[in-house]
Amino acid sequence: MRFSEFQTILEKTLPNNFDLEFDLRLIQDLCYVDEPYVYYLNVLDMPDDLEKRFKYLFEKRKKWSQEELKAYVQDLCSNNAAEISNALTKYCRSYNQNGIKYFTSRV
């Protein structure tokens, strides 16, 4: 769905006193934004094997930020920062763009 449509639906759904500057990081394990669209992507629908999970994610999108990937692999890494970092090193290639660290598939 277009991100603008998502925002409109969100505004209509949330209570009037809710801050309209909604932080998408609150739902980053359910969807991701690839302007101009927002995509539903639930971690519960993904493979339980770490290597297959990364393959699945990189089939959806070629590059991810560290925060985005963390949301989708933390359940398989006991939400442990060292385990997540090791998994990113093992299954991904990283590069910096405009001061942001991105990851792509190692394969």
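Predicted model: local features only at pLDDT ≥ 70, side-chain atom pairs only at ≥ 80, totals over all residues.

The largest nonpolar core has 19 residues. Phe54, Leu57, Trp64, Leu69, Tyr72 and Cys92 are the ones with the most contacts inside it. I checked which elements give two or more residues to this core, and they are H2, helix H3 (66-73) and H4. I also found a second, separate core of six residues, with Phe3, Phe6, Cys31 and Val38 among them.

Next I picked Trp64 and asked what it touches, leaving out residues up to four places away in sequence. My list reads Tyr32, Leu41, Leu57, Phe58, Leu69, Tyr72, Lys101, Tyr102 and Phe103.

Then I turned to a helix pair: at what angle do H2 and H4 pack? I get about 65° for H2 (residues 50-60) against H4 (residues 81-91), with the axes 11 Å apart. Angles of 65 to 115 degrees count as roughly perpendicular, so H2 and H4 are roughly perpendicular to each other. Their crossing is right-handed. On the H2 side I noted Leu50, Glu51, Phe54 and Phe58, which meet Ala87, Leu88 and Tyr91 of H4. Sorted by class, this contact has six nonpolar residues, one charged and no polar ones.

Last, I stepped back to the whole chain. I count four helices and five strands, running α-β-β-α-β-α-α-β-β from the N terminus. The C-alpha trace spans about 45 × 30 × 20 Å along its principal axes. Of the 107 residues, 32% count as buried. Among contacts with a separation of 6 or more, 45% come from residues 24 or more positions apart.

Conventions. Residues numbered from 1 in each chain as written. Heavy atoms only, no water. Axes fitted to C-alpha atoms, helices over the stretch in contact; angles between N-to-C directions. Parallel < 35°, antiparallel > 145°, perpendicular 65-115°, else oblique. Left-handed = near helix turned anticlockwise from the far one by under 90°. Contact = heavy atoms within 4.5 Å. Nonpolar A, V, L, I, M, F, W, Y, C, P; charged D, E, K, R; others polar. Core = buried A, V, L, I, M, F, W, Y, C linked by side-chain atoms within 4.5 Å. Buried < 20%, exposed > 50% of the residue type's maximum accessible area, 1.4 Å probe, protein only.
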